[in-house]
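The following note sets out, point by point, what may be read from the structure shown below. Please keep the structure in view while going through the points.

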Amino acid sequence: MNKILALITVGFCMTGLIAQNVLDAKDSDPDKMGWMKGFPPEKDKIISAADGSFFTFPALRYSVNHMREFNPTREVRAAKEKYFTFKTKIDDGIDSVTFIPTGETEPMTIAQSLDKNYVDGIIVVHKGKIVYEKYPAGLKQDGIHAAMSVSKSFTGTLGSILIAEGVIDENKLVSDYVPELAKSGFGDATVRQVMDMTTAIKYSEDYNDPNAEVWSFTAAGNPFRPADYQGPKDYYEYLQTVQKLPGHEHGQAFAYRTVNTDVMGWIISRVTGKSITELISELIWVPMGAKYDGYYQVDPAGIAFAGGGFNLNLRDMAVFGEMLRNNGKVGRKQVIPAAAVEDITRGGDLGVFERGDHPELKGWSYRNMWWITNNENKAYCARGVHGQVIYIDPTAEMVIVRFSSNPMAANKYNDPYSLPAYQAIADYLMAK
């Protein structure tokens with residue numbers, strides 16, 4: 001199995017490819033690189049999913065804006081005629097706001113941080129108005145971009161809605177909803193433990209380990225498998241093979257594992273009789289007034305990759321973030337239950353998170369597949385590799401959404417130039 005291709009197919013978990021050839025943001029601009037241009041393109045400008053070349057840097061800077069060209073997908077329909085439009089009042093002063101990156105001593109401006117983070121597009125919403133909007137490379141205002149693990153928070157939000165409406169009982173076992181998982185490591189876990197990623201399962205996402213379980217999961221979802229492949233044929237078949245970690249119990253420690261999100265996606269679809277793509281459209285995208293159709297990457301059985309397969313428009317993602325900041329409302333319209341938002345923002349168990357696998361995020365917690373900072377502003381966020389984010393700061397009345405194509409995948413490489421920047425923008429806006 002081509003491991004680069006396998007990583008692509010699973011859809012961008014918390015770790016991933018390290019940059020193979022690190023060009024700076026300007027030199028790696030996909031328009032400048034000329035990927036897939038011409039009739040036909042020059043041979044050295046053709047990138048492919050079949051050989052994994054489309055998700056190596058710098059080609060990934062093109063691919064994140066064109067994922068439908070490389071993978072099978074399923075549409076998330078938008079509102080179209082009655083879509084929401086932000087009022088705009090651009091604040092040019094945000095470019096000059098400074099912050100000190102974590103672990104460094106020299107200040108950096110927000111404008112400088114865009115190239116440092118290989119930003120494709122960023123929007124800052126303050127008190128319901130767009131005050132900052134940039135598209136430095138590749139992405140256009142009407143474009144669609146891979147959200148990667150930000151997708152998890154959309155799945156978590158669906159789960160929060162269904163729990164708030166009494167459709168799903170968070171205290172029931174996974175096997176109560178999906179009997180096929182009864183003999184797996186998820187069988188005796190509760191829905192709540194899946195939602196908060198405190199399941200004790202034998203599953204590694206260490207891409208440096210050739211024996212890590214992630215490779216089997218990626219193979220199950222790979223649409224370009226070799227003819228002699230004998231493993232699980234789709235994500236759901238694979239989930240049934242996951243075993244419990246010997247000597248461990250669920251609920252004791254946070255462990256970020258993408259397969260939890262796909263289990264939640266299965267539960268949601270089993271209970272409702274609808275796919276994730278249908279539910280995002282019906283419960284969120286159409287009623288909140290999304291303008292652009294999104295789409296999910298799907299496996300060979302047509303199952304949407306709940307843990308990392310959503311591709312969407314940046315302005316629509318800003319509407320989603322602003323809706324959460326306003327306790328589920330868009331304008332005067334209650335789109336999702338306020339109780340669902342309240343359940344997300346209450347955060348998870350601090351001790352359970354501290355015993356987990358993210359010691360760099362001190363004081364944080366995790367609930368309903370959202371990251372809770374527990375900082376003074378009570379900010380919380382959705383995060384995806386290569387720099388994708390929805391950052392919601394209730395105190396500053398601010399939402400930041402960002403799409404990036406950073407050659408360094410894991411957030412631990414992006415956070416030093418991102419988290420202090422978000423706080424600096426919040427401080428600037430609150431001081432106005």
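Which residue meets the side chain of Arg 325 in a salt bridge?

1. Arg 325 and its partner. The salt bridge of Arg 325 is formed with the side chain of Glu 322, at 2.8 Å from N to O. Both residues belong to helix H12, which covers residues 314-325, and they stand 3 residues apart, about one turn of the helix. Arg 325 is buried, because its relative accessibility is 15% and buried means under 20%. Glu 322 is likewise counted as buried, at 9% relative accessibility.

2. Confidence in the model. The average pLDDT of the protein is 94, and 95% of the residues score at least 70. Residues 1-20 require caution: pLDDT stays under 50 over this stretch, although the model has 79 contacts for it beyond four places in sequence. Where pLDDT is low, the predicted coordinates should not be read in detail.

3. Overall form. The protein contains 16 helices and 16 strands. A compact globule of 432 residues would have a radius of gyration near 22 Å, and the 20 Å of this protein agrees with that. Along the principal axes, the C-alpha atoms fill a box of roughly 55 × 55 × 50 Å. Of the 432 residues, 60% count as buried. The accessible surface is about 17,000 Å², and carbon and sulfur atoms account for 50% of it. Among contacts between residues at least 6 apart in sequence, 69% join residues at least 24 apart.

4. In one of them, Lys 26 pairs with Asp 115, and the closest N and O atoms are 2.3 Å apart. This pair links distant parts of the chain, since Lys 26 lies in the loop between helix H1 (3-10) and helix H2 (30-33), while Asp 115 lies in helix H4 (residues 110-116), 89 residues apart. Lys 26 is exposed, with a relative accessible area of 57%, whereas Asp 115 is partly exposed at 28%.

5. A network of charged residues. Salt bridges link Glu 170, Arg 192, Asp 196, Asp 343, Arg 346 and Arg 367 in a network. Within this group, the side chains of Arg 346 and Asp 343 meet at 3.3 Å, N to O. Which of these two is buried, and which is exposed? Asp 343 is buried, with a relative accessible area of 9%, whereas Arg 346 is exposed at 59%.

6. Met 195 lies in helix H7, residues 191-195. Met 195 is buried, with a relative accessible area of 0%. Leaving aside neighbours within four places in sequence, the contacts of Met 195 include Gly 156, Ile 163, Met 264, Tyr 366 and Arg 367. Met 195 and Glu 170 are 25 residues apart in sequence, and their C-alpha atoms are 8.6 Å apart in space.

7. A buried charge without a salt bridge. Side chains of opposite charge can pair when their charged atoms come close. Asp 29, in the loop between H1 and H2, is buried yet has no salt bridge. The nearest side chain of opposite charge is that of Arg 61, 5.9 Å away. Beyond four places in sequence, Asp 29 touches Arg 61, Pro 136, Ala 137 and Gly 138.

8. Backbone geometry worth checking. Most residues other than glycine have a negative phi, and most peptide bonds are trans. The peptide bond from Phe 39 to Pro 40 is cis, with omega near 5°. Another cis bond joins Phe 57 and Pro 58, where omega is about 10°. Pro 40 is in the loop between H2 and helix H3 (60-63), and Pro 58 also lies in the loop between H2 and H3.

9. Positive phi values. Lys 127 has a phi near 50° and lies in the loop between strand E5 (119-126) and strand E6 (129-134). Lys 127 is exposed, at 55% relative accessibility. Asn 374 has a positive phi of about 60° although it is not a glycine. Asn 374 is placed in the loop between strand E13 (370-372) and strand E14 (380-384), and it counts as partly exposed at 36%.

Conventions. Residues are numbered from 1 along each chain as its sequence is written. This is a predicted model: local features need pLDDT of at least 70, side-chain atom pairs count only at pLDDT 80 or more; totals for chains, interfaces and linings use all residues. Side-chain values use heavy atoms; hydrogens and water are left out. pLDDT is the predictor's confidence in each residue, from 0 to 100. Contact means heavy atoms within 4.5 Å. A salt bridge is a side-chain nitrogen of Lys or Arg within 4 Å of a carboxyl oxygen of Asp or Glu. Helices (H or I, at least four residues) and strands (E, at least two) are DSSP runs, numbered from the N terminus. Buried means under 20% relative accessible area, exposed over 50%, partly exposed in between (1.4 Å probe, protein chains only). The radius of gyration is taken over C-alpha atoms; the globule rule is 2.2 Å times the number of residues to the power 0.38. Accessible areas come from the Shrake-Rupley method with a 1.4 Å probe; for residues, only the protein chains shown count as cover. Lys and Arg count as positive and Asp and Glu as negative; His and the chain ends are not counted.
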